[in-house]
Amino acid sequence: MVTYLHTYESFMSIVIIGAGKMGRVFEKMLISGAHENAHGTGHSAGQDEIKIELCDLEPGKVECQKPPHELFPDAQYIIICVPSWCLRGALTSAMPHIAKDTVVVSISKGIEEATGKTVDK
């Protein structure tokens with residue numbers, strides 16, 4: 001799913017990995033914030049168009065999902081919204097396609113069952 005919010009000339013590209021409840025909440029928050037910006041609440045014109053794409057490892061969870069080699073290279077921001085036990089799988093498919101200057105944020109918490117490691121390890 002791709003959500004475009006247009007108001008000016010420049011854009012911000014965001015990919016949300018994980019189309020469950022938390023991923024959908026982040027998508028709604030970003031859309032809501034972009035609408036507020038478009039109505040003059042004080043952010044720069046450089047952030048007035050946002051392209052938000054969702055992806056998920058579960059087939060069919062995101063309608064018309066792009067493959068990783070098309071989805072990640074142009075993303076300026078990636079928000080990872082998956083449970084800790086899914087984090088390694090989500091990143092394994094994404095990492096080869098993520099640009100070095102992309103900002104990656106994970107909201108995962110918990111312990112990976114197979115290794116006993118926390119998300120930050």
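What is the volume of the largest pocket? It is about 180 Å³. The legends below take the predicted model view by view.

**Figure 1. Overview of the chain and its order of elements.** This is a predicted model. The chain holds three helices and five strands. Starting at the N terminus, the elements follow the order β-β-α-β-α-β-α-β. The chain has 121 residues, and 35% of them are buried. Its accessible surface comes to about 7600 Å². Carbon and sulfur atoms account for 58% of that surface. Among contacts with a separation of 6 or more, 77% join residues 24 or more positions apart.

**Figure 2. The largest pocket and its lining.** The volume of this pocket is about 180 Å³. Its lining includes S84, L87, R88 and L91. E112, K117, T118, V119 and K121 also line the pocket. By class, the lining has four charged residues, three nonpolar residues and two polar residues. S84 and L87 belong to helix α3, where both are buried. K121 sits in the segment after β5.

Figure 3. Helix α3 spans residues 84–94. S84, L87, A90 and A94 are buried in this helix. Seen down the helix axis, the buried residues fall within an arc of 85°, so they line one face of α3. Which strands do the buried residues of α3 pack against? They pack against β2, β4 (77–80) and β5 (103–106). W85 and T92 are exposed, on the face turned away from the buried side.

Figure 4. C86 is placed in helix α3. Is C86 buried, partly exposed or exposed? C86 counts as partly exposed because its relative accessibility is 29%, between the cut-offs of 20% and 50%. In sequence, C86 and G18 are 68 residues apart. In space, their C-alpha atoms are 9.5 Å apart.

**Figure 5. S13 in strand β2.** Strand β2 covers residues 12–17, and S13 lies in it. S13 has a relative accessible area of 4%, so it is buried. The cut-off for buried is under 20%. Which residues does S13 touch, leaving aside those up to four places away in sequence? The partners are K51, D74, A75, Q76 and Y77. Strand β2 is also one of the strands that the buried residues of α3 pack against.

Figure 6. A19 lies between β2 and α1 (21–38), in a loop. A19 touches R24, C55, D56, K61 and V62, with residues up to four places away in sequence not counted. A19 and C81 are 62 residues apart in sequence. Their C-alpha atoms are 7.7 Å apart in space.

**Figure 7. C64 and its positive phi.** C64 lies in the loop between β3 (50–55) and α2 (68–71). C64 is not a glycine, yet its phi is positive, at about 60°. As a rule, most residues other than glycine have a negative phi. Is C64 buried or exposed? C64 counts as exposed because its relative accessibility is 69%. The cut-off for exposed is over 50%.

**Figure 8. K121 in the segment after β5.** K121 is found in the segment after β5. With a relative accessible area of 70%, K121 is exposed. K121 is also one of the residues lining the largest pocket. How far apart are K121 and I111? The two are ten residues apart in sequence and 9.7 Å apart in space, C-alpha to C-alpha.

How values were computed: Residues are numbered from 1 along each chain as its sequence is written. This is a predicted model: local features need pLDDT of at least 70, side-chain atom pairs count only at pLDDT 80 or more; totals for chains, interfaces and linings use all residues. Side-chain values use heavy atoms; hydrogens and water are left out. On a 1 Å grid over the protein atoms alone, a cavity is a set of points where a 1.4 Å probe fits but cannot get out, and a pocket is an open set with protein on both sides within 12 Å along at least five of seven lines; lining residues have an atom within 4 Å of a point. Grid points are joined across faces, edges and corners, and a volume is the space filled by probe spheres set on the points. Ala, Val, Leu, Ile, Met, Phe, Trp, Tyr, Cys and Pro count as nonpolar, Asp, Glu, Lys and Arg as charged, and the others, Gly among them, as polar. Helices (H or I, at least four residues) and strands (E, at least two) are DSSP runs, numbered from the N terminus. Buried means under 20% relative accessible area, exposed over 50%, partly exposed in between (1.4 Å probe, protein chains only). Contact means heavy atoms within 4.5 Å. Accessible areas come from the Shrake-Rupley method with a 1.4 Å probe; for residues, only the protein chains shown count as cover. The arc is that of the directions from the helix axis to the C-beta atoms.
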